[in-house]
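The entries below keep the order in which I looked.

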Amino acid sequence: MKSVHERNGMSPAMRMADLLDTDFSLLGVVSRMGLSLGFGEESVEQVCEKAGIDAETFLLICRVNSIEGYRPTREALQNANLHDILGYLRKSHSYYTQVMLPLVEDSLEKMVVPCEDKQKRVIRRFFLDYREELLAHFAYEEGTVFPYVEEMLSCRDNSQFTIGEYEQNHTNIEEKLTDLKNLVMMYLPPKSDPQAAQLALFYLYSLGEDLAKHTMIEDDILVPMVVRMEEVVAAARPEGEELSVREKEILVSVAKGKLNKEIADEYNISIYTVISHRKNITRKTGIKTVSGLTVYALLNNLIDLNTVE
């Protein structure tokens, strides 16, 4: 029987040059993982080992970027290296801010050179607003999320932050970019430079595709891996701890008869984050049934009797 790696056409034993031949867009992954060109006949595993990078993690990121609809298996997540994931995400931020955003801005500026001043200001302002939103998103990850993950990895988690809060604050950075693409493609002033406009569209589409893969790596790899770490840490804590604010919110929703999917939609978090919270609630309270949790919520004045279905 073929292994998972062989079935999806990527394995640590294959030549790195052959991997890039299958999808040249993986050159971006190679760069952000700190791998240098000049592979010769070396395998993926050999190249990664020289760079101090986990080959399985490298291939996991390659699959997300290259295979349409790919979702990591539990086994793949268990074998992945979070340090390497964080390194990749950070270098992606640098690529967006230092390479792609300046290219987009420069092409937009050249595009509107023949346009009226009012049209120039409108396009420029819209782009600057998008850039500000994107940079704020990156700053939140760099200043809050990534340090929290590093604390978890070094067993120094003293913060009240949880990865579920990241999901809740994981803003949608795609809508404004889509609007910018549509403005250039469909509503561009006739006087604009057509060649610069085509180049701007190329950069905008490239940035959009790359950001979509970036978000998938965060949502489908980073978040579930950290959720699992939180579960392990929570399980090691003594029972009888006070419920967190978010756990109390989840408990109230459970007591009101809401399903996991409804709770996830209510708080804009994933179902597996809801399940993680429910496990922590059960561990801390020692109560396993919905009816028991409802009574607990009533006794602790978390809900009113009239709100219970």
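My notes on conventions come before the entries themselves.

I am working with a predicted model, in which local features need pLDDT of at least 70, side-chain atom pairs count only at pLDDT 80 or more, and totals for chains, interfaces and linings use all residues. Residues are numbered from 1 along each chain as its sequence is written, and side-chain values use heavy atoms, with hydrogens and water left out.

**Aromatic pairs.** I looked up ring pairs (Phe, Tyr and the six-membered ring of Trp, centres within 6.5 Å; stacked under 30 degrees between planes, edge-to-face over 60, tilted for the rest) and found four in the structure. One of them, Tyr96 with Phe138, is stacked, at 5.8 Å centre to centre and 20° between the planes. Because Tyr96 lies in helix α7 (residues 82–111) and Phe138 in helix α8 (residues 117–153), the pair ties together parts 42 residues apart in sequence; helices here are DSSP runs of H or I with at least four residues, numbered from the N terminus. Tyr96 is buried at 0% relative accessible area, and Phe138 is buried at 4%, where buried means under 20% with a 1.4 Å probe and protein chains only. Ring pairs also join Tyr95 to Tyr96 and Phe138 in a cluster.

Notes: Helix = DSSP H or I, 4+ residues; strand = E, 2+ residues; numbered from the N terminus. Buried < 20%, exposed > 50% of the residue type's maximum accessible area, 1.4 Å probe, protein only.
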